[in-house]
Amino acid sequence: MPEELIAIKGINDGLLISLSTTEKWQSVTDELAKRIDDKRAFYSGAAIVVELGARPVPKYELSSLKALLERRGLSLSLVRSDSDTTRQSARSLNLTTSENGLPAEPARRHAETNPVNPEETGTRGVIFRRTLRSGRTIHSEGHVVVFGDVNPGAKVIAAGDVVVWGKLRGTVHAGALGDESAVVCALDMNPNQLRIASYIVTSPPGKRRKILPEVASIRDNQIVVEARD
Amino acid sequence: MENEERSRGDARVITVSSGKGGVGKTTATANLGISLASLGKRVVVIDADIGLRNLDIIMGLENRIVYDLVDVVEGRSKLRQAMIKHKKFDDLFLIPAAQTRDKMAISPEDMVRVTDELREDFDYILIDSPAGIERGFRNALEPADEVLIVTNPEVSAVRDADRIVGLIEAAEKGPGKLIINRLKTELVRKGEMLSSDDVYDILGLAIIGIIPEDEMVLSASNSGIPVTLNMNSQAGMAFGNVARRIMGEDVPFMNLDGNPGILRRFLRLFDGR
């Protein structure tokens, strides 16, 4: 494969998209659109940080990139760049910008395109030490740990596993890139909707359930939820 | 919450919001304003619901409006000219919303300017936020020192309250405190309405007031004499209690659902956990 046109990875509160600094802008953005369209459910609603490196990006190009993302329900939250031209363009579009000095891990940048292997050391994950309230959406290309509740109306989408150390009442999607071995764990499992890979279940209606830690996984082509003791 | 007397130039700006409409924000704002004034505090209530003003009606001041908040912001009137003194309390003022404009007529910065000008001369500035999460809410939130979230014990109101709390946290205005309005004891007992415990379970916020459903609220709102002036009203008393808690007093909760466990839980919240 020639140089990667784009690399996408989950960061704290959204996705980091690094665009090739040398390939043609048109082919880079086409590829980006294609990648997002292929996995709409995964990307939907994410806040995007774009890393443009040394490439000078004029205002009209940046503005079309922003539009490309917005048309797909993503918001461009930060533009990282080493080029003054690019940062100038970003500022004139009222975008937040920063110089690349952040501790990127260049060695690992290519790993994101490989399927996530939960056993593999080095799989990225994020931890949230707070309750996710209605309207909040978390995206990760790795695992997600929420140290708090996931309230109704909040959403967690992860390529890997989702662990909720608290009450899970929102929507959760584990294995969002297709990994059927992904699991969802919660201390109190009562999600509005639970998805693993391409399977979807809702919580059975009912009054008071016994509250105990449970794990959801795929077995025999369906999602099963069971207690772990 | 601290108990010491506030010095001049140190008003607390308290925004009353909810997310969902119709849960009783305006009623709560009017009643808290009146309760605080009746406790000897200097109070301004601001109606930030531009285009859908209501607070003036509930406070019985509609026919005295000459200038409004938008007139002040756009320089057609001085702040003092737009402040309507309450009929009964000399230290209670209303700044009404404009009825003919919309939320875009003012900006969050305008609200900060207006409240900063008032801080010096008052103890409390209450802002009645419009429903929703858009500009109107941003306007009301920007100057806030703290936020009260009004909700009803029903799923949709609690969901919207949760969303609002997320936005308040993101704006670093603290998680806010909760007023549960229109609790119907009878329905809770039958298991048909969320209890205050259920609401707490989802939102995880300190509860500063539980207001029972009370028919007197409706007639009071229509007549422009807020219910808290009526000593026979349970809701009126509950609003009075909220006002005293805002002032830092340790007021026990009325026992509404006959469940001592809930009561203990709230008291614990107010002990600072």
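1. Let's start with the second largest cavity, which holds about 40 Å³ of space in this predicted model. By the rule used here, the count comes to two cavities of 30 Å³ or more.

2. Which residues line that second largest cavity? They are B:Ile210, B:Ala238, B:Asn241, B:Arg245, B:Pro252, B:Phe253 and B:Met254. Helix 11 of chain B, residues 234–246, gives the most to this lining, with three residues. By class, the lining divides into five nonpolar residues, one polar and one charged. If you want to look at the charged one, go to B:Arg245, because Arg counts as charged; Asn counts as polar, so B:Asn241 is the polar one.

3. Next, the second largest pocket, where about 600 Å³ of space lies. Its lining takes in 35 residues, and those nearest the pocket centre are B:Gly22, B:Val23, B:Gly24, B:Lys25 and B:Thr27.

4. Which element gives the most to the pocket lining? Helix 10 of chain B does, with five residues.

5. For the second largest cavity, by comparison, the classes are five nonpolar, one polar and one charged.

6. Now to the interface. Here 12 residues of chain A are in contact with 12 residues of chain B. The two chains bury about 980 Å² between them, and carbon and sulfur atoms account for 32% of it. On the chain A side, the residues that lose the most area to chain B are A:Arg133, A:Ser134 and A:Pro152, together 52% of what that side buries.

7. How many salt bridges are there between chain A and chain B? The count is five. One salt bridge pairs A:Arg133 with B:Glu169, with the closest N and O atoms 3.4 Å apart. A:Arg133 is also among the residues of chain A that lose the most area to chain B.

8. Polar contacts between chain A and chain B come to nine residue pairs, with both residues at pLDDT 80 or more. The side of chain A that touches chain B has one nonpolar, four polar and seven charged residues.

Definitions and conventions. Residues are numbered from 1 along each chain as its sequence is written. Chains are lettered from A and ligands numbered from 1 in the order in which they are written. This is a predicted model: local features need pLDDT of at least 70, side-chain atom pairs count only at pLDDT 80 or more; totals for chains, interfaces and linings use all residues. Side-chain values use heavy atoms; hydrogens and water are left out. Contact means heavy atoms within 4.5 Å. Buried area is the accessible area (1.4 Å probe) that two parts lose on being put together, summed over both. A salt bridge is a side-chain nitrogen of Lys or Arg within 4 Å of a carboxyl oxygen of Asp or Glu. A polar contact is a pair of N or O atoms within 3.5 Å; within protein, one must be able to donate a hydrogen and the other to accept it, and residues adjacent in sequence count only if both atoms are side-chain atoms. On a 1 Å grid over the protein atoms alone, a cavity is a set of points where a 1.4 Å probe fits but cannot get out, and a pocket is an open set with protein on both sides within 12 Å along at least five of seven lines; lining residues have an atom within 4 Å of a point. Grid points are joined across faces, edges and corners, and a volume is the space filled by probe spheres set on the points. Helices (H or I, at least four residues) and strands (E, at least two) are DSSP runs, numbered from the N terminus.
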